[in-house]
Structures are given as structure tokens and as C-alpha cells.
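Subject: Handover of a structure and notes on it

Dear colleague,

Please find below the structure that I am handing over to you. My notes follow it, and I would be grateful if you read them with the structure open beside you.

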Amino acid sequence: MELKNDKYKRNRGGHSRLLDITCTKCKEHLFYYQKDGPGILKRLYLDRIFGANTNDKKLVCGNCKELLGVQYVYKKEKRLAYRLFSGAVNKKIVSKSKIYIMPGWRNW
Ligand SMILES: [Zn+2]
């Protein structure tokens, strides 16, 4: 897989990391996420989520059904995102060479 390289990434300094996102409650793997620039993870832009086929208004863990976040539009960039509830997900930096996104899985 390749990380996305666009104006959003450039606006955040051009540095990105790939994160493995898991549910805090049950530890289930949710998807991978491209984090652009520094700072904590407050929201997840849908166009940076890899390996998930959800576009629901609510971000829910597929395993334990915990509600993790709610979809909204980040006004500054008119960009669809999930606003995360505090502590709802865990993240771990992963190397993109170590992961494989199944063909047919939708990336937003
Ligand atoms: Zn869960």
C-alpha cells in the first residue's frame, strides 16, 4: 500500500505515519490510519482510513459494538471525519511494508 500524498498532508508538514487502530475496550483491530503531521488523534478523516468498509454515521467496534466516534464535517477543510470519543481507540505505529490491505476493501 502507499500513503496518500496530497494538500492535506502538505498542509501538515508533509510527514505521515501509519497507525494500527484498535478498540480500547476489547482490543479488536479496527483499521489502519494515515496520520499526517504532529499532534494527538482527535479525529479520523475518512480519506485516511485504510482497510475498513464502513461509511456509517457512527464509528462502532465490529466486535464489542462500543461507540467510538461520530461522523461530522471538519469545517476548515470541508472534510468528512469521525470525532473520536476520548480514549475510545488505541493506536500503534506500524510500518507500511508490514501490512497488507485486502483487495476489494474500500479505502475512503
Ligand atoms: Zn471493541
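This is a predicted model: local features need pLDDT of at least 70, side-chain atom pairs count only at pLDDT 80 or more; totals for chains, interfaces and linings use all residues.

Lys27 sits in the loop between strand S1 (16-23) and strand S2 (29-36). Its phi is positive, at about 70°, although Lys27 is not a glycine. As background, most residues other than glycine have a negative phi. Lys65 also has a positive phi of about 70° without being a glycine. You will find Lys65 in the loop between strand S5 (58-60) and strand S6 (67-74). Lys65 counts as exposed too, because 10 C-beta neighbours lie inside 10 Å.

Overall architecture

The protein chain contains one helix and eight strands. Read from the N terminus, the order of elements is α-β-β-β-β-β-β-β-β. The C-alpha trace spans about 35 × 35 × 25 Å along its principal axes. How does the radius of gyration of the protein chain agree with that of a compact globule? A compact globule of 108 residues would have a radius of gyration near 13 Å, and the protein chain has 13 Å, so the two agree. Of the contacts with a separation of 6 or more, 54% are between residues 24 or more positions apart.

The four-stranded sheet

Four strands form an open sheet in the order S3-S7-S6-S5, and their pairing is antiparallel. Strand S3 (43-45) and S5 are the edge strands, each pairing on one side only. From one strand to the next, the twist averages 30°. In general, the strands of a sheet pair through backbone hydrogen bonds.

- S3 and strand S7 (residues 79-84) run antiparallel and are joined by three bridges. Leu44 has Tyr82 in S7 as its bridge partner.
- S7 and S6 are antiparallel as well, with six bridges between them. Here Gly69 stands opposite Leu84 of S7.
- S6 and S5 are joined by three bridges and again run antiparallel. The bridge partner of Lys58 is Val70 in S6.

S6 and S7 also form a hairpin, with four residues between the two strands. Lys78, in the turn of this hairpin, has a positive phi of about 50°.

The nonpolar core

Which residues touch the most other members of the largest nonpolar core? They are Ile21, Leu30, Phe31, Tyr32, Tyr33 and Ile49, in a core of 17 residues. S1, S2, strand S4 (49-50) and S7 are the elements that each give two or more residues to this core. As a general point, nonpolar side chains in soluble globular proteins tend to be buried together. Across the protein chain, buried residues make up 19% of the 108 residues.

With kind regards,
A colleague

Definitions and conventions. Residues are numbered from 1 along each chain as its sequence is written. A residue is buried if 20 or more other C-beta atoms lie within 10 Å of its own, exposed if 12 or fewer, and partly exposed in between; C-beta atoms are placed from the backbone. Two strands pair if DSSP finds at least two bridges between them. Axes are lines fitted to C-alpha atoms, for helices over the stretch in contact, and angles run from 0 to 180 degrees between N-to-C directions. The radius of gyration is taken over C-alpha atoms; the globule rule is 2.2 Å times the number of residues to the power 0.38. Two residues are in contact if their C-beta atoms, placed from the backbone, lie within 7 Å. A nonpolar core is a set of buried Ala, Val, Leu, Ile, Met, Phe, Trp, Tyr and Cys residues joined through C-beta atoms within 7 Å.
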